[in-house]
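Subject: Handover of a protein structure

Dear colleague,

Please find the structure below, followed by an account of what was found in it. I would be grateful if you read the two side by side.

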Amino acid sequence: MSNASVQAKVAGHLYGPCKSDDGLTAIVLGDENLLVPVMNSLENAVSDFNITMGLSLKSSMLFTLVDILFEMHRNLVEFKTEEGKTFKIPKFSHRHVVKVLNHPFIRRYELLNFAKTPVNSQKQENPIRKTLTTIIAWNKVFLSAEELQELGNNAELFRILFSSWNNSPKKAIKCLYELIDLLREVYSENQNAIETEYLYQFFLILQRLESIVEQRGDRITLKSFKTFLYELIKQTKIPFSGETDQSLQIMGMLETRTLDFDRLIILSVNEGVLPTGKNKTR
C-alpha cells in the first residue's frame, strides 16, 4: 500500500499478536519519516521497544512551523505610485496567518491557555479564534503587525509571531528564542515528549547561528540566515537510547545489517522508495 500513515497503522496491528511471544521482532522503515507514525500506531500496552535510528529535525512539526514563519515574514505587499515607483509595506498574507494559527504546536498552546476562556467573556475571549473569524468575516487579504496584535488582544503569542523582522536575522533569532520559551511551557508537563527534544535541539542550533551573526554583523541577510538555519536543521537528528535486548526493534534499512530476527515487518517497499528511483539519491 502506498499510503504512509496506513502502513504505520498496519505495522502496529501486525505486531499486536506477536508481543506476547518470546521471539525478536523488527519493524524496518524503508522511509525513515515513518518513525513517528509507527510509534503512534503501537498499542498502549507496547511500552518496551528499542529505536536504533535518529529522527530528523527536518521531519518534525516544529520545522513546518518555522518554515511557515519564514515564508510569512518574507512576503511583503508591493504598491506602485503614479510615477511608477515601487514601494513595499510589511503586511502578512491571510493564508500564512491562518496556517500559523492552525499549526498543531499553536493549537496545543491554545488548548492550554485559551480553551477554558468563558464564552461570554469579552475581555478574555480566545484571540486565536477571534482572529480567524475576523479574517473570514471581513474578507481580510493582508494584515499588518499592528492589526494582528490588536486582534490578538496584545497577547504574548501574537507579539512573538507577528512582530515584523524587517529583514534582520537578529530580530528573527530573538523571535524564535521567545517562541521556544513559549512552546516549552506547553510541553513541560510531559518530560518524555519528543516535541521537548525538538525544541532543545532547535535552541542549540540558534545558539550556534547567533554567535555567527554577532561576528558577521549586517553582512548576513535574512535570506542567508535562513539558508544556514535550514542546512543545520537538515543535518540534525534526534538520537534515541534504549535497550538492545527488547523484543521489538524499530530501525532503518542500514541498521539491519548482520542482525537476525524471528519476524520482520518491512515498510515502504514501494517503487521509488525501496528500491529508489534512478534519479533519486538517498
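A residue is called buried when its relative accessible area is under 20%, exposed when over 50%, and partly exposed in between (1.4 Å probe, protein chains only). The model is predicted, so local features need pLDDT of at least 70 and side-chain atom pairs count only at pLDDT 80 or more, whereas totals for chains, interfaces and linings use all residues. Residues are numbered from 1 along each chain as its sequence is written, and side-chain values use heavy atoms, with hydrogens and water left out.

Overall picture

The protein has 11 helices and 10 strands; these are DSSP runs numbered from the N terminus, with helices being H or I of at least four residues and strands being E of at least two. Of its 282 residues, 40% are buried. The accessible surface, from the Shrake-Rupley method with a 1.4 Å probe and, for residues, only the protein chains shown as cover, comes to about 16900 Å², and carbon and sulfur atoms account for 50% of that surface.

The core

A nonpolar core is a set of buried Ala, Val, Leu, Ile, Met, Phe, Trp, Tyr and Cys residues joined through side-chain atoms within 4.5 Å. The largest one has 76 residues, and Phe 225 and Leu 229 have the most contacts inside it. Helix α9 supplies the largest share of this core, 10 residues. Contact means heavy atoms within 4.5 Å. Setting aside neighbours within four places in sequence, Phe 225 is in contact with several residues, among them Phe 70, Pro 169, Leu 206 and Ile 220.

Two asparagines

Most residues other than glycine have a negative phi. Asn 153, although not a glycine, has a positive phi of about 55°. Asn 153 sits in the loop between α7 (145-151) and α8 (156-162), and it counts as partly exposed because its relative accessibility is 32%. Asn 166 likewise has a positive phi of about 55° and belongs to the loop between α8 and α9 (169-186).

Ser 56

Is Ser 56 buried or exposed? Ser 56 is buried, because its relative accessible area is 18%. This residue lies in strand β3 (residues 55-56). Not counting residues up to four places away in sequence, Ser 56 touches Lys 234, Thr 236 and Lys 237. Leu 264, by comparison, is found in strand β10 (residues 263-267) and counts as exposed, because its relative accessibility is 53%.

Yours sincerely
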